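This report describes the aromatic side chains and the strand arrangement of one protein model. Please consult the sequence and the structure shown here while reading.

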Amino acid sequence: MTYKSLLLFGAPGSGKGTQGKILGTIPGFYHCACGDVFRAVDVRSDFGKAFLQYSSKGQLVPDDVSIGLWSAQIDSMVRAGRFKPDIDFLVLDGIPRNINQAKILSGKLDVHRVFHLTCSDKAKIYDRLQRRALKDNRLDDINEEVIERRLKIYEHETKPVLEFYGPKITTHVNADQWPYQVLRDILNDIETRAT
């Protein structure tokens with residue numbers, strides 16, 4: 001089964017999680033953030049043990065393990081009736097993180113739209129990440145060096161995913177706006193393309 005999907009895409013601090021959470025409250029949309037999947041991992045499962053093996057050493061988790069964890073989470077949400085793939089759009093943020101993941105997921109995702117949240121104000125990105133770090137106890141995001149490294153990884157590894165999906169299904173959204181304005185632009189795009 002393939003899931004009709006909307007991807008929220010952008011640099012750390014661009015507002016993907018905020019928009020995903022809001023969209024996830026609207027009937028017909030189910031939001032799944034990759035970071036939430038990792039934070040909720042059952043370390044007793046096979047994928048959980050593999051995840052722990054890498055993450056406990058500060059190493060990047062291999063793509064097949066990341067996608068396995070994600071798939072297990074989505075499957076459990078379908079079984080629990082929280083995500084109804086026959087009527088819901090799957091709203092994703094934080095996955096796919098690179099072209100290899102996009103290729104692995106191509107058999108599972110029917111991507112209708114990619115919303116690229118663009119933030120030209122770098123100071124705003126730093127501010128958002130540092131405020132989120134305090135609010136959500138993600139203390140690594142307070143450190144400017146960590147933020148800079150994450151932004152470089154995004155530019156080199158994640159941003160090329162936009163080329164994988166191509167310009168036909170990609171909408172660039174100005175994420176320097178207030179969150180309600182970003183949401184308005186996303187919903188207007190969805191409505192325009194649905195009619």
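In this predicted model, tyrosine 165 is buried, with a relative accessible area of 17%. Phenylalanine 29 is likewise buried, at 14%. Phenylalanine 164, by contrast, is partly exposed, at 34%.

There are 5 aromatic pairs in the model. Phenylalanine 29 and phenylalanine 89 form one of them, a stacked pair with 6.1 Å from centre to centre and 25° between the planes. Because phenylalanine 29 belongs to strand E2 (residues 29–33) and phenylalanine 89 to strand E3 (residues 89–93), this pair ties together parts that are 60 residues apart in sequence. The ring centres of phenylalanine 164 and tyrosine 165 are 5.1 Å apart and the planes stand at 90°, so this pair is edge-to-face; the angle for that class must be over 60 degrees. One aromatic cluster is formed by Tyr3, Tyr30 and Phe83. A charged side chain is also involved with a ring: lysine 4 lies over the face of phenylalanine 89, at 4.8 Å from the ring centre.

Of the 5 residues of E3, 5 are buried, so the strand is largely enclosed by the rest of the structure. Phe89, Val91 and Asp93 point one way from E3, whereas Leu90 and Leu92 point the other way. In a regular strand, side chains alternate between the two faces of the sheet.

The sheet itself is open and consists of 5 strands in the order E2-E3-E1-E4-E5, with parallel pairing. E2 and strand E5 (170–174) stand at the edges with a single partner strand each, so one side of each has no neighbour in the sheet. On average, neighbouring strands of this sheet are turned by 25° against each other, direction ignored.

| Strands | Sense | Bridges |
|---|---|---|
| E2 and E3 | parallel | 5 bridges |
| E1 (residues 3–10) and E3 | parallel | 4 bridges |
| E1 and E4 (residues 109–118) | parallel | 8 bridges |

Tyrosine 30, a member of the aromatic cluster, stands opposite leucine 90 in E3. Leucine 6 stands opposite valine 91, which is also in E3. Glycine 10 has leucine 117 in E4 as its bridge partner.

How values were computed:
Residues are numbered from 1 along each chain as its sequence is written. This is a predicted model: local features need pLDDT of at least 70, side-chain atom pairs count only at pLDDT 80 or more; totals for chains, interfaces and linings use all residues. Side-chain values use heavy atoms; hydrogens and water are left out. Rings of Phe, Tyr and Trp (its six-membered ring) pair if their centres lie within 6.5 Å; planes under 30 degrees apart count as stacked, over 60 as edge-to-face and the rest as tilted. Helices (H or I, at least four residues) and strands (E, at least two) are DSSP runs, numbered from the N terminus. Buried means under 20% relative accessible area, exposed over 50%, partly exposed in between (1.4 Å probe, protein chains only). A charge sits over a ring if NZ of Lys or CZ of Arg is within 6 Å of the ring centre and within 35 degrees of the ring normal. Two strands pair if DSSP finds at least two bridges between them. Axes are lines fitted to C-alpha atoms, for helices over the stretch in contact, and angles run from 0 to 180 degrees between N-to-C directions.
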